[in-house]
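Thanks for coming, everyone. I'll walk you through one structure today, so please have a look at it first.

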Amino acid sequence: SRILTFFPREVAILVRKVLLILIAVFITSQYLQAYLGFLLLVVYFHVSYKVAPYNNDQLNVAETISLASSAFILYSGLYFARGKKFSIPSSSHIILLAETMDTISYMLFALDIISGIIFVLYSVYIFARIFRNSAANLKKNLTKIGSKILSDKMFHNLKSAIHLHDH
């Protein structure tokens, strides 16, 4: 049963990675690579959001943030890569458009950085919670094992003391 719940999620992640590699290797146009990669990430974002493949809600949120952040960064990279080639008849419109493009570029760059920071901070938060829960479980298990060992040792000592008392 555990294998059946584990298998489709891992296969989906593997297929996504293989498709991204195939796009990067076999598509020669950088723009087509970027658009197909963006499309693939958007599809997986939608599927991940709807299906919630992980048993832990925090991992589902992390996957969603990761896919959204990657898709946004890829899309804004398309914006940066296309350059500032516009043909508008009026020179005043060209200046206004260039200023707007610079503002948009700065905004997209800032949003790229912010989305990456959000993902990293959320990942650190999840790691810290998992580590804290694992440490608490380990401490509880070690306490059980220690008390069992101590109980056995105390029982053995008590038995030895009774045996010595009888002789």
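**A walk along the helices**

Let's start with one residue. Val11 sits in helix α1. Please keep in mind that this is a predicted model.

Is Val11 buried, partly exposed or exposed? Val11 is partly exposed, because its relative accessible area is 33%, between the cut-offs of 20% and 50%. A nonpolar patch on the surface is formed by Val11, Leu14, Val15, Val18, Leu19, Ile21, Leu22, Val25 and Phe26. Together they have about 790 Å² of accessible area.

Now step back to the whole chain. How many helices and how many strands does the chain have? There are 4 helices and 0 strands. Read from the N terminus, the order is α-α-α-α. The chain has 167 residues, and buried residues make up 17% of them.

Ile13 is placed in helix α1. Its relative accessible area is 16%. That is under 20%, so Ile13 counts as buried. Now look across to Tyr44. Ile13 and Tyr44 are 31 residues apart along the chain. Their C-alpha atoms are separated by 9.1 Å.

Tyr44 takes us to the largest pocket. The volume of this pocket is about 180 Å³. It is lined by 13 residues, and those closest to its centre are Ala12, Tyr44, Val47, Ser48 and Pro53. Which helices each supply at least two residues of the lining? They are α1, residues 2-26, α2, residues 30-51, and α3, residues 57-81. Helix α1 gives the most, with 5 residues. What about the classes? The lining has 9 nonpolar residues, 1 polar residue and 3 charged residues.

On to charges. Side chains of opposite charge can pair when their charged atoms come close. How many salt bridges does a search of the whole structure find? The search finds 1. The partners are Glu63 and Arg16, whose side chains meet at 2.8 Å, N to O. Why does this pair tie together parts that are 47 residues apart in sequence? Because Glu63 lies in helix α3 and Arg16 lies in helix α1.

Are the two partners buried or exposed? Glu63 has a relative accessible area of 14%, so Glu63 is buried. Arg16 counts as buried because its relative accessibility is 12%.

Last stop: helix α4, which covers residues 91-166. Ser115 lies in this helix. At 14% relative accessibility, Ser115 counts as buried. How far is Ser115 from Ser70 in space? The distance is 8.7 Å, C-alpha to C-alpha. In sequence, Ser115 and Ser70 are 45 residues apart.

Gly116 is in helix α4 as well. Its relative accessible area is 23%, so Gly116 is partly exposed. Now take Gly116 together with Ile65. They are 51 residues apart along the chain, and 9.2 Å separates their C-alpha atoms.

To recap. The chain has 4 helices. The largest pocket has lining residues from α1, α2 and α3. The salt bridge joins Glu63 and Arg16. Val11 belongs to the nonpolar patch. Thank you, and over to you.

Technical notes
Residues numbered from 1 in each chain as written. Predicted model: local features only at pLDDT ≥ 70, side-chain atom pairs only at ≥ 80, totals over all residues. Heavy atoms only, no water. 1 Å grid on protein atoms, 1.4 Å probe; cavity = no way out; pocket = protein on both sides within 12 Å on 5 of 7 lines; lining within 4 Å. Points joined across faces, edges and corners; volume = space filled by probe spheres on them. Nonpolar A, V, L, I, M, F, W, Y, C, P; charged D, E, K, R; others polar. Patch = residues over 30% accessible without salt bridge, like charges linked within 9 Å, V, L, I, M, F, W, Y side chains within 5 Å. Areas by Shrake-Rupley, 256 points an atom, 1.4 Å probe, with all protein chains shown as cover. Salt bridge = Lys/Arg side-chain N within 4 Å of Asp/Glu carboxyl O. Buried < 20%, exposed > 50% of the residue type's maximum accessible area, 1.4 Å probe, protein only.
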